[in-house]
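Reader: I would like to go through this assembly with you. Could you take me through the relation between copies, one interface and one residue?

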There are 4 protein chains.
Amino acid sequence: MADNPKQRHRGAHVDAETVFSNYQAITSKTFLVSLMVEFIGTMMFTFLGSTVTDKVFGPWVNGLALAVWVYSAANISGGHLNPAVTFSTLICGFYPVLHSVLYVILQFCGAIMGALLVAGLVPGVSVGMGDGAPGCFDSTIIGKGLSHSQLFGWEVGMTFTLLSVVYACGVAKPGHGSFTPLAVGLSLVACAGTGGQWTGAALNPARVVGPLAVFKCGTDVAYIYILAHLLAAVLACSIFAFVSGWGPLSPFQSM
Amino acid sequence: MADNPKQRHRGAHVDAETVFSNYQAITSKTFLVSLMVEFIGTMMFTFLGSTVTDKVFGPWVNGLALAVWVYSAANISGGHLNPAVTFSTLICGFYPVLHSVLYVILQFCGAIMGALLVAGLVPGVSVGMGDGAPGCFDSTIIGKGLSHSQLFGWEVGMTFTLLSVVYACGVAKPGHGSFTPLAVGLSLVACAGTGGQWTGAALNPARVVGPLAVFKCGTDVAYIYILAHLLAAVLACSIFAFVSGWGPLSPFQSM
Amino acid sequence: MADNPKQRHRGAHVDAETVFSNYQAITSKTFLVSLMVEFIGTMMFTFLGSTVTDKVFGPWVNGLALAVWVYSAANISGGHLNPAVTFSTLICGFYPVLHSVLYVILQFCGAIMGALLVAGLVPGVSVGMGDGAPGCFDSTIIGKGLSHSQLFGWEVGMTFTLLSVVYACGVAKPGHGSFTPLAVGLSLVACAGTGGQWTGAALNPARVVGPLAVFKCGTDVAYIYILAHLLAAVLACSIFAFVSGWGPLSPFQSM
Amino acid sequence: MADNPKQRHRGAHVDAETVFSNYQAITSKTFLVSLMVEFIGTMMFTFLGSTVTDKVFGPWVNGLALAVWVYSAANISGGHLNPAVTFSTLICGFYPVLHSVLYVILQFCGAIMGALLVAGLVPGVSVGMGDGAPGCFDSTIIGKGLSHSQLFGWEVGMTFTLLSVVYACGVAKPGHGSFTPLAVGLSLVACAGTGGQWTGAALNPARVVGPLAVFKCGTDVAYIYILAHLLAAVLACSIFAFVSGWGPLSPFQSM
C-alpha cells in the first residue's frame, strides 16, 4: 500500500544537511523554547494519561493525549516527549549528545510536574501515597501470572512498535508528514489496548519515573520498564540504520 | 517526530500580511457569512454534544462533533466555535477587537439556539428545568470531592490543551493544515475522556452559557468554568507569543 | 482554526470549468463505472452498517464503513453513496438531472442488494421478516416518547451535519481533499453516537429503503425519514449557495 | 465527495513506468530489506492483534495495529503484511511472481513468529494448546448457527472491503497518499466491529496460518478462511482492472 517508488528510493538515505539544520546552539532561544515545549508537552501528556480511570478510555486518552501534544510540539521541538525517542535518535546519529541529555532531563521534569498536577487536582490523591497511585506502573497493575521477563518482553515489543512509527513517519524522508503525531498516538492506543492489561503500557521512561518520584510507587519494577524501553530504542535504531542508513552524527555514518 | 527544520524555522515568526488579509470589513458579505457559520457551527456542536447520554460515547460525540463542524467552518470563518479561541487570538494580536466581539456574541447565540434544539427534540426535556438538564455544567456532574479550585485547575489544563493545538496546528505557519480540525476534536476527546468524570469537560464558555440560559442550570459554578477558560486563553497566548511572536495586531508586535 | 486567507477567498466561488469536467456522457464507460461503484459502495456500506449488533460499535461500524467506501469510490464516482448527497448537489447545480437520477437508482439497488446480503449471511434473518430485522428503521428502534416531529427534527439535524461536511470538504474548492471521506464518516459516528438512541441515525434514504424493500419493515415511518433527508438536502444546499455561490448547472448561477 | 475531475481522469489508467520502478532485483539489498520489513510488520501485527482480550478493543487493536505497521512499512516494502494483498496485486499485474512468492513466505513466517511471541509473553498460553488459543480462527469463535458458506461469505465480503481500500488508496494513481495506512486500518476496524462476532474477522491468510501452525487450532476451518481471502483477492482485482485497467505486468495489459 501507499506504493510510491520515488518516495521509496529517496527514502533509502537520509539527507545530512536537513538533519544538521535540525537543531540550534544550546544557548539559542530556539533551543530554550524547544526545552520548554518538551517540558510542557510531557507534563500535560503525563497528567492526562495518568488521570483516566475508565477502562474503555484508558488507551484512548493516553494515545490521543500523546498525538495531540506531539501535534502541539512537532514543529518546535520535534515533539519527542519520551526519553526513549530521544535516546534512540541520539544513538542513531540524528541528535547531538548534549541536546539529548537536556531533552531527557526536561522530559523527566515535565513528567514529575505532571504527576504533581495529578496529586493536586484529583481528590484523594496525595504525594508519596505509594503503589496504586494514578499513573503508576507498579505491582497493582501488572497482569496476574506475568513474569518479569514477560513484562520486559511486552514493553520491548510495544515500545519498538511506537519507535518504528516514529522512525518511518517522522525521521525517514519522506515520512508521512503531519500524519506522524496521529500515527504515533494510534500506536500507543493499539499497544495499550492489548498490552495495557499486562503491563499498563508505559512505553516511555518518563511516564514511569514521574509518578515514581512523586508517589514512591513501583520502585521494585521500574528498572524493568526502563531497560525494556532502552533495548527497544536500540532495536528500532538498528533496524532503521540497516534499512535507511545511520544519521549524520553517527560515527558509523560513512559506512 | 515530524522533524522538518525548514518548517520549524519558518514557524518562528508569523507572516503579518497573511494574518491581515485574514478578515474582511465588518460590513462585507464575507464577514456576515462568517458570523452565520460561527452561529450554525456552535449551535450544532452544542446540540450534538449535549444530547449524548451514553457514557462511552460522551467524549467521542463531543470531540467528533467539534472536529466535523470545524471542518465545515474552517475555510469560511476559521472555525472558532468557542469564545476562548476567539478571545485568545484577540489578545495575541491575530484578530481585531470588534470582529472578535461579534464572533463571541454569535457563538453565545448559537449555543443558546443549540440548547433550545435540545429542549425541542429530546423527550422529557423542557426550558427552565434547572440542574441536570442535558448539556449543563452543574453540581450534578461535578465529581465527588472535587473542590472549586480543583474544578478550576482541570478546566484550565484541558482548555489549555485544546488551545495549544489550535495555535500549533491552525495559527502557526506552518501548522498542520487540514489536520487542524481533527487534532482539535481529538484533543477534546482526550480531555473529556479523563477530566469529563470530574468537570464534565466544558473547555468552551459558550457550552456553559447556552444551557445555563435555556435551562437555568449551573448558575452557581458557571463563573468558575468561564474564568478557567479565560485564564487558559491567556496562558496559551503567552506561550505562543514567547515561542513564535505576537500577532500583527498586538501592540507588543514590534518587540 | 485552519486559517488560510488565500484558501478562504478562493473558496468564495466555485470554478465552473472544474465542475463541468466533473462528469462524463451517460453512455461513456467512465459513467458506467461510476454507477457500478455507487452500487457496490452503497451495498457494502448497507451490509456492514446493518449487521453490527454491539451497542458500542454501532456508530463506529457505520461511520467507518462509510468513510472506507467513500475512500474506495471518491476518485471514481465522487463517492456519494447516499441519495441525499446526490439530490442536494443536483438542486445546487453541481450535478446534472439524468446523471443524478441514475445515481439514485443505483444507490437504492445497492442498498437492496446489501439488505439481501444481510438476509443471506446472518443466521436467523430472512426476507420479509418485518420490523426488527437488521438495519431497519422502524418503531422498534425509535426512542421511547419521541414524537414524529422530533424524529423528523433529529434526522434533519443529523443529515444536515453530514451534508455540511460534504459541501465544505468535498464540493467547496479548496475543501479538505483526502480528509473528506474521513470527515464524512466521523460526522456519521458523531450523529449516530447521540441521535442513534432516538432515531437509529439513518441520514440516508437508501439505508431506509433497502431494508424496507427486503424485510418489509418500517413502512409506517419511512416517509418521515426520507422527507427529513430531503429537507436537509435543501437546507445544506441553500446555505452553501449563500456562502459560496450556486453550482454551474443552477439556473440561479448567474445571480 | 472529494470530487476532483483531474484526479479522476488521471486515475483511469495506471502509469506503467511508475509501477515498473516499484520493485528491485530479488538479489538487491532493497528487496532484502523489504522482505525483512514484511516479516517484522506481519509478526508485530499478528502479536498485537492476537493478544487483545477486551471485547471493546478487539477491532480497534487489530485495525490500529495494522494501520501503524503499514505506516512503518509503506515506504519500504509497500506495507502488504497480508498474502491476500500480495496475491491480488500479483494477479492484477502490479507485482512480479517471484517477488510475490517471497513476500508471502515471509508474511507466513512473520505470522508464525508473532504467534510464538504470543506463546512466550502471555501467561497460560503454550505451543500446541489447540482451539481457543489467542489469535486462533476456530470453532470457538465462529458465531452460533453460522454455516460454512455464511462463514465463507462474510470473509469474502470483509476481505473485499479491505482490498478495495488498498486498490483505491494505495494502488490507483492518484490514490489517497498517506491516508492509505489509516484507511486500510479503519476498514479492518469496521469489518471486525460487525463480522468479528461471526467469523472473528481474519481477512488475511497469514493471520489464520500463523496461530494454526503454532497452536494447532482451527485446522478444520482454515481452508474456508483462506479460500475466501483468495476469492476476494480475485474479485477486488477484477473490479479494479475493469475500472482502471490491468497492471503493467499483466498479460492482459495491452487490452
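This is a predicted model: local features need pLDDT of at least 70, side-chain atom pairs count only at pLDDT 80 or more; totals for chains, interfaces and linings use all residues.

Reader: Before we go on, what conventions apply here?
Author: Residues are numbered from 1 along each chain as its sequence is written, and chains are lettered from A and ligands numbered from 1 in the order in which they are written. Local features need pLDDT of at least 70, side-chain atom pairs count only at pLDDT 80 or more, totals for chains, interfaces and linings use all residues, and side-chain values use heavy atoms, with hydrogens and water left out.

Reader: Now the interface of chains C and D: how much area do they bury between them?
Author: About 4100 Å², 67% of it on carbon and sulfur atoms; this is the accessible area (1.4 Å probe) that the two parts lose on being put together, summed over both. Phe57(C), Tyr71(C) and Asn75(C) supply 17% of the area that chain C buries against chain D, more than any other three residues.

Reader: And how many salt bridges are there between chain C and chain D?
Author: The count is one, with a salt bridge defined as a side-chain nitrogen of Lys or Arg within 4 Å of a carboxyl oxygen of Asp or Glu. Lys55(D) and Asp54(C) form it through their side chains, at 2.2 Å from N to O.

Reader: A change of topic: is Thr51(D) buried or exposed?
Author: Thr51(D) has 4% relative accessibility, so this residue counts as buried (under 20% relative accessible area; exposed is over 50%, partly exposed in between, with a 1.4 Å probe and protein chains only).

Reader: What does Thr51(D) touch?
Author: Leaving aside residues up to four places away in sequence, Thr51(D) touches Trp154(A), Thr194(A), Gln197(A), Val118(D) and Val122(D). The side chain of Thr51(D) also reaches the backbone oxygen of Phe47(D) at 3.0 Å.

Terms used: A polar contact is a pair of N or O atoms within 3.5 Å; within protein, one must be able to donate a hydrogen and the other to accept it, and residues adjacent in sequence count only if both atoms are side-chain atoms. Contact means heavy atoms within 4.5 Å.
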